[in-house]
Amino acid sequence: MPLGAYMKEMRNYYYSNNEKSIGPISFEQLRSLISSGQIQEQTLIWLEKSDLKPNAQTFEQSELTLENEKKAAIDIPELADFFENRHISDRLGMSLLNLLCCPPFGILGLILGIKINKWKALRDFDRAKKLSRWATLILICGFLFPITVFLILPAFSSAREAARRMQCTNNLKMIMLAMHNYHDQYQSFPPAFTTDENGQPLHSWRVLLLPFMEQQELYEKIKLNEPWDSDWNSQFHHINIPEFVCPSGYLYFCRDEKESLMKGLCFYSIIVSDQTAFPGKESRSFGDIKDGSSNTIALVERKLPICWMNPNGELSFQTALKGINQHLTEVGSFHSFGCNAAAFDGSVRFISNSINPDIWKALLTADGLDLSF
């Protein structure tokens, strides 16, 4: 049943907290508790007169999680609409190129044909023969030129995309190097987010890595005891951190009229869950990664970017399990056939869209199946 139908029905919900049943609560209240993090993936939620189910397994929770992640990702006005409509402009561009290539040769061939008929009428067959040769050459060029263009352009595009993918790989390696340096200093990896005294998220793990990414000056300006979107901290939202930007994603979104939307965005995400190495506000170390650092994914690409300071926009484990490049708000990239992913040992691999779901799940977990990455 669609999310809107559930909201209209005003059904009563219950959830457990410290082995106590709390409820009834409305759907709106339930959504608010999930969005604020007070209800976690393993919290039991049930409808009135229904069985208890873990929060992550209920239909409503999956819809709410998706809605929450999409809302966190689309914190830049018009960015989602631009993403949805971009493929239309791509098709128009290729069609326009085809139309511009053919008419000049056709017009020139028509002019030569008229002149050839003129010289034939005047019985000047030598000139008509010479013009016929030129007309034949122009017709051949008119036929081959568009084909050549469509054969050569993809080759140039592939070469440029290979360079952008390599830069994306280097970005992930630099982020993992910063994580390793953070681990050397604090004996653990950064938490997914920091929290205030009430347990509300304050800042993302990206903010904590700034001193290890040659951004010490910026780090010192941020008020860590205030939320990431406070009046003071909001001034830093549009600062670009080069290591957080995938060149292919930037190229896809960036146009002159949309370039302002691309400031301060991040195309990389951790996976937040008790089953991964980033359970939330808690920190984990190399010793907690039972599968081995080379067999466990630390960072993935995300198709729809978020503000680099946002602590609420990380991908959940349930969302990541849906696969690669399956949805706008899930794991994915603008590279062909897959996305880059970094392991905890600092290595970066390209993961195919068609990866086996069981292997993909094992790579995301910190203590699941021990598979080679």
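Me: What counts as a strand, and when do two strands pair?
Reply: Strands (E, at least two residues) and helices (H or I, at least four) are DSSP runs, numbered from the N terminus. Two strands pair if DSSP finds at least two bridges between them. This is a predicted model, in which local features need pLDDT of at least 70 and side-chain atom pairs count only at pLDDT 80 or more, while totals for chains, interfaces and linings use all residues. Residues are numbered from 1 along each chain as its sequence is written, and side-chain values use heavy atoms, with hydrogens and water left out.

Me: In what order do the four strands of the open sheet lie?
Reply: Strands of a sheet pair through backbone hydrogen bonds, either parallel or antiparallel. Here the order is 7-9-11-12, with antiparallel pairing. Strand 7 (265–269) and strand 12 (348–352) are at the edges with a single partner strand each, so one side of each has no neighbour in the sheet.

Me: How many bridges join strand 11 and strand 12?
Reply: Five bridges join them in the antiparallel sense. Asparagine 340, for instance, has phenylalanine 350 in strand 12 as its bridge partner.

Me: How many aromatic pairs does the structure hold, and how is such a pair read?
Reply: A pair of aromatic rings is described by the distance of the centres and the angle of the planes. Rings of Phe, Tyr and Trp (its six-membered ring) pair if their centres lie within 6.5 Å; planes under 30 degrees apart count as stacked, over 60 as edge-to-face and the rest as tilted. The structure holds eight such pairs. One of them, phenylalanine 189 with phenylalanine 286, is edge-to-face, at 4.8 Å centre to centre and 70° between the planes. These two residues are 97 residues apart in the chain.

Me: Is phenylalanine 189 buried or exposed?
Reply: Buried means under 20% relative accessible area, exposed over 50%, and partly exposed in between (1.4 Å probe, protein chains only). Phenylalanine 189 is buried because its relative accessibility is 1%, whereas phenylalanine 286, at 32%, is partly exposed. Phenylalanine 278 and phenylalanine 344 form a stacked pair, 5.8 Å centre to centre with 25° between the planes. Phenylalanine 278 is buried at 2%, and phenylalanine 344 is buried at 0%. Phe189, Phe278, Phe286 and Phe344 form one aromatic cluster.

Me: Where is glutamate 214, and what is its phi?
Reply: Glutamate 214 is in the loop between helix 6 (205–209) and helix 7 (216–221). Its phi is positive, about 60°, although the residue is not a glycine. Glutamate 214 counts as exposed because its relative accessibility is 79%.
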